[in-house]
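Open the model in your viewer and keep the sequence panel beside it. This tour tells you what to select at each stop.

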Amino acid sequence: MDYVSALVPPVVMAAFFIGLIVTIVKSQGGDRKGKEDAAVDAAIARAEAARQSGVKQGPAGA
């Protein structure tokens, strides 16, 4: 029975990992894609503007 107790944790972790990957893949795109893309584009634009103006910003933009 030691082999069962040795195999359970990896099997459980693998099942959770597969569930995580499935959730991530399913959440890509869809009706939220435009909103996510707009948020990323805005963050990139702010970083580019700060870089061009020579202003140093922290991770929170402060």
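Helices here are DSSP runs of H or I with at least four residues, strands are runs of E with at least two, and both are numbered from the N terminus.

This is a predicted model, in which local features need pLDDT of at least 70, side-chain atom pairs count only at pLDDT 80 or more, and totals for chains, interfaces and linings use all residues. Residues are numbered from 1 along each chain as its sequence is written, and side-chain values use heavy atoms, with hydrogens and water left out.

**Whole chain**

Zoom out. The protein has 2 helices and 0 strands. Of its 62 residues, 3% are buried. Buried means under 20% relative accessible area, exposed over 50%, and partly exposed in between (1.4 Å probe, protein chains only). Show the surface: the accessible area is about 5,600 Å², and 69% of it belongs to carbon and sulfur atoms. Areas come from the Shrake-Rupley method with a 1.4 Å probe; for residues, only the protein chains shown count as cover.

**Helix α2**

Select residues 33-53, helix α2. Its 21 residues reach 30 Å from first C-alpha to last, close to the 30 Å expected at 1.5 Å a residue. The expected span is 1.5 Å times one less than the number of residues.

Now show the side chains of Arg 51 and Glu 48. They meet in a salt bridge at 2.7 Å, N to O. The rule asks for a side-chain nitrogen of Lys or Arg within 4 Å of a carboxyl oxygen of Asp or Glu. By this rule the count is 1 salt bridge. Arg 51 counts as exposed at 60% relative accessibility, while Glu 48 is partly exposed at 33%.

**Helix α1**

Move to residues 2-27, helix α1. Its 26 residues should span 38 Å at 1.5 Å a residue, and the end C-alpha atoms are 39 Å apart, which agrees. The number of buried residues in α1 is 0, so this helix lies largely in the open.

Stop at Tyr 3, in α1. This tyrosine is exposed, with a relative accessible area of 56%.
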